[in-house]
Amino acid sequence: MSTEKAIRQMFSGNCKFIAGVPSIEVLPDTSLAEVAFAGRSNVGKSSLLNALTEQGNLARTSHTPGRTQQLNFFEVGGGSLRLVDLPGYGYAKAAKTEIKAWNTLIKDYLKGRPNLRHVYVLIDSRHGLKEKDTDIMKMLDDAAVPYQVILTKSDKVKKPALDKCVEDTTAALKKHPAAFPTPIVTSSHKRQGVSELQHAIYNFSL
Ligand SMILES: Nc1nc2c(ncn2[C@@H]2O[C@H](COP(=O)(O)OP(=O)(O)OP(=O)(O)O)[C@@H](O)[C@H]2O)c(=O)[nH]1
Ligand SMILES: [Mg+2]
């Protein structure tokens with residue numbers, strides 16, 4: 001089978017929700033490799049997951065920051081890989097105690113998951129890296145979990161500002177040993193960068 005066909009089979013309408021996990025004690029077994037999507041609230045994690053899997057509102061999205069409130073596990077390619085939609089860190093329209101609980105859950109998952117192959121750290125192209133992003137990236141460096149930055153919502157910024165954001169992010173990534181050296185630019189709405197990302201994720205299933 002050609003790689004293109006295998007990628008199509010892996011993603012197109014071939015993704016199912018397997019579990020929503022509110023606490024670290026009830027994670028699914030570790031038999032399958034996982035790729036997780038982390039980032040501040042409202043950055044577009046769930047939207048990107050929907051664009052990748054071409055399945056409408058499979059991962060629920062919202063205008064209100066704080067939509068995803070647990071670790072949501074999806075299986076793609078008929079059981080060859082899991083994608084994990086994480087709650088947002090940083091600001092969210094939720095109670096302080098709730099935000100604290102999500103942050104602990106996210107960190108515990110990212111640091112201690114033996115089958116976690118790769119993390120995508122999503123950053124809004126309009127805002128660039130914030131302190132909370134750098135904190136998560138440092139934690140991933142310390143835990144030696146490989147990750148790559150994805151710049152989201154590229155349709156919202158003009159080209160010169162986008163180029164500057166790519167340049168600044170690339171410069172900042174030099175300080176992060178576990179990070180891939182360059183970011184991927186995406187727009188879920190315009191499907192920019194989506195097939196490139198599908199290709200990269202497919203490689204994690206091999
Ligand atoms: N213009 C534009 N808007 C986007 C894009 N991706 C997401 N959005 C919008 O951004 C908002 C938040 O998207 P979500 O996918 O729910 O964000 P999230 O990171 O999952 O948010 P939490 O679950 O709250 O952490 C929604 O209103 C989306 O429609 C994009 O590529 N372009
Ligand atoms: Mg979400």
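Val76 stands opposite Leu81 in strand E4, where strands are DSSP runs of at least two residues (E) and helices runs of at least four (H or I), numbered from the N terminus. The model is predicted, so that local features need pLDDT of at least 70 and side-chain atom pairs count only at pLDDT 80 or more, whereas totals for chains, interfaces and linings use all residues. Residues are numbered from 1 along each chain as its sequence is written, and chains are lettered from A and ligands numbered from 1 in the order in which they are written.

Strand E3 (residues 71-76) pairs with E4 in the antiparallel sense over five bridges; two strands count as paired if DSSP finds at least two bridges between them. E3 and E4 form a hairpin with four residues between them. In its turn, Gly77 has a positive phi of about 60°. Strand E4 covers residues 81-85, and five of its five residues are buried, so E4 is largely enclosed by the rest of the structure. A residue is buried if 20 or more other C-beta atoms lie within 10 Å of its own, exposed if 12 or fewer, and partly exposed in between, with C-beta atoms placed from the backbone. In a regular strand the side chains alternate between the two faces of the sheet. In E4, Leu81, Leu83 and Asp85 point one way, and Arg82 and Val84 the other way.

The strands belong to an open sheet of seven, with mixed pairing and the order E1-E3-E4-E2-E5-E6-E7. Strands E1 (15-21) and E7 (184-185) stand at the edges with a single partner strand each, so one side of each has no neighbour in the sheet. E2 and E4 run parallel and are joined by four bridges, Val84 in E4 being the bridge partner of Ala36. Strand E2 (residues 34-39) also pairs in the parallel sense with strand E5 (residues 116-124), over six bridges. In this pair, Ala38 stands opposite Val121 of E5.

Helix H4 (residues 131-142) packs on the sheet and touches E2, E5 and strand E6 (147-152). The direction of H4 makes about 165° with that of E5; axes are lines fitted to C-alpha atoms, for helices over the stretch in contact, and angles run from 0 to 180 degrees between N-to-C directions. Helix H5 (residues 159-173) lies across E5, E6 and E7, at about 160° to E6.

The largest nonpolar core has 44 residues. Such a core is a set of buried Ala, Val, Leu, Ile, Met, Phe, Trp, Tyr and Cys residues joined through C-beta atoms within 7 Å. Ala36, Phe37, Ala38, Val119, Val121 and Leu122 have the most contacts inside this core. E5 gives the most to the core, with six residues. Beyond its neighbours within four places in sequence, Val121 is in contact (C-beta atoms, placed from the backbone, within 7 Å) with residues including Ala38, Ile136, Met137 and Val149.

Around ligand 1 there are 24 residues, of which Gly44, Ser47, Thr61, Thr68 and Gly88 come nearest; a residue is near a molecule if its C-beta atom, placed from the backbone, lies within 6 Å of it. Helix H2 (residues 45-53) gives the most to this shell, with three residues. Nine of the nine residues of H2 are buried, so H2 is largely enclosed by the rest of the structure. Glu54, which follows H2, has a positive phi, near 50°.

How values were computed
Two residues are in contact if their C-beta atoms, placed from the backbone, lie within 7 Å.
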